[in-house]
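Dear colleague,

I am handing over the structure below, and my notes on it follow directly after. Please read them alongside the coordinates.

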Amino acid sequence: MREEALIANLRNLYEGAGFRAYRMRKFEEYSLYLENRDFLLSDFVITFSDMSGRLLALKPDVTLSIVKGSRATKDAGEKVYYLENVYRLDERTHEYREIRQMGLEALGDIDEVQTLEILMLALKTLENINEKSVMDISHMGCIKPFLSSTDKKAQREIMNALRFKSASALTSAMENTSLSESCRHALYALCTISGDFENGISALEALSDDPEYQKAVLEMRVIFEGLKAMGFEKRVRLDFSIVNDLRYYTGVVFQGYIPSAHRAVLSGGRYDGLSQKFLRGVGALGFALYLNDLENEMTPASHADALILYHEGADACEVMKKAAELRNKGLSVRTEKKGAPSDKYSIVVEV
């Protein structure tokens with residue numbers, strides 16, 4: 001599939017669910033990112049001053065701008081989707097990258113219905129790319145209750161240990177904390193529980209009686225039962241290595257994978273901690289698809305659906321008529337003189 005076709009399919013998917021297209025400007029005031037830098041994937045932001053002396057930034061994130069400009073309330077929600085470029089520092093190459101991403105955000109009263117819909121849209125987004133795609137799901141409410149008695153430094157170290165599924169790092173991170181034995185046991189369990197969703201939820205239920213924790217586990221069960229009813233149960237996995245900042249992310253978090261990519265190509269979650277900084281009482285849930293990471297799945301744009309090869313001295317009108325015939329069937333058609341490479345085309349016609 002070509003990227004243009006994928007984007008068209010996703011537009012239809014999102015608009016069919018009642019999401020409207022959102023366009024944002026390329027720049028934001030740097031203060032927006034400075035004040036919410038823990039929400040960003042990187043602290044490094046490209047900045048410049050305009051003629052009036054304001055410090056602006058090339059946007060490293062779309063969600064912040066959407067939330068900042070939203071007029072959503074708990075009773076009157078807002079649902080938008082976007083196709084935008086963001087600018088971030090690549091931690092592997094230490095170079096800034098222009099990242100093309102498509103995603104959606106829902107703001108308002110985010111209940112179980114809204115949560116299930118967003119997760120289904122994320123799964124259908126992945127399905128449009130590769131039918132063997134999978135999604136890993138976690139929940140910050142299953143982690144937060146066990147960290148309430150620790151300081152920020154210990155929280156970061158514990159979260160990093162969970163992120164890398166390292167029991168030894170988790171032991172080290174908890175060593176000088178006041179965590180109870182029951183909390184330590186629960187965190188060790190979260191470090192190892194992954195894979196089968198249904199069995200994993202049953203294991204989670206026995207870990208703690210904490211009301212906040214049990215509420216999160218119940219939400220995870222409701223989510224799984226809903227996805228199972230819609231036929232998605234084999235494409236979701238439980239994985240508590242997916243963790244995000246506790247101050248911003250308050251509920252379900254998830255990442256999507258396809259066989260040809262070495263890292264997540266889709267990520268999302270519930271971020272009431274951010275939305276309520278700008279919109280009192282408003283919940284928020286969304287995800288982003290990283291189009292740059294889909295190169296192995298996409299047919300290069302230079303290759304059309306069909307190739308017409310014509311011989312030296314061919315009748316130009318006959319070639320154009322054949323091309324028009326194929327284009328009228330909805331195909332993109334390229335014309336080349338016989339001898340041009342033809343192995344990248346699904347349809348090759350000689351005239």
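Gln101 has Tyr290 in strand S12 as its bridge partner, and this belongs to the antiparallel pairing of S6 with S12 (residues 283-290), which extends over 8 bridges. Pairing here requires that DSSP finds at least two bridges between two strands, while strands (E, at least two residues) and helices (H or I, at least four) are DSSP runs numbered from the N terminus.

This is a predicted model, in which local features need pLDDT of at least 70 and side-chain atom pairs count only at pLDDT 80 or more, whereas totals for chains, interfaces and linings use all residues. Residues are numbered from 1 along each chain as its sequence is written, and side-chain values use heavy atoms, with hydrogens and water left out.

On its other pairing, S6 (residues 96-108) runs antiparallel to S5 (residues 78-89), to which 12 bridges join it, and Val80 has Glu105 in S6 as its bridge partner. The hairpin of S5 and S6 has 6 residues between the strands, and His94 there takes a positive phi near 60 degrees.

Turning to the helices, H4 (residues 112-129) packs against H9 (residues 211-229) at an angle of about 55 degrees, with the axes 10 Å apart; axes are lines fitted to C-alpha atoms over the stretch in contact, and angles run from 0 to 180 degrees between N-to-C directions. That angle makes H4 oblique to H9, given that under 35 degrees counts as roughly parallel, over 145 as roughly antiparallel, 65 to 115 as roughly perpendicular and the rest as oblique. In this packing, Glu112, Thr115, Leu116, Leu119, Met120 and Leu123 of H4 meet Glu219, Val222, Ile223, Gly226 and Leu227 of H9, where contact means heavy atoms within 4.5 Å. Sorted by class, the contact has 7 nonpolar, 2 polar and 2 charged residues, with Ala, Val, Leu, Ile, Met, Phe, Trp, Tyr, Cys and Pro counted as nonpolar, Asp, Glu, Lys and Arg as charged, and the others, Gly among them, as polar.

Finally, 6 of the 6 residues of strand S7 (residues 134-139) are buried, so S7 is largely enclosed by the rest of the structure; buried means under 20% relative accessible area, exposed over 50% and partly exposed in between, with a 1.4 Å probe and protein chains only. S7 runs antiparallel to S10 (residues 252-257) with 6 bridges, Ser138 having Val253 as its partner, and parallel to S9 (residues 236-239) with 3 bridges, where Asp136 stands opposite Arg237.

Best regards
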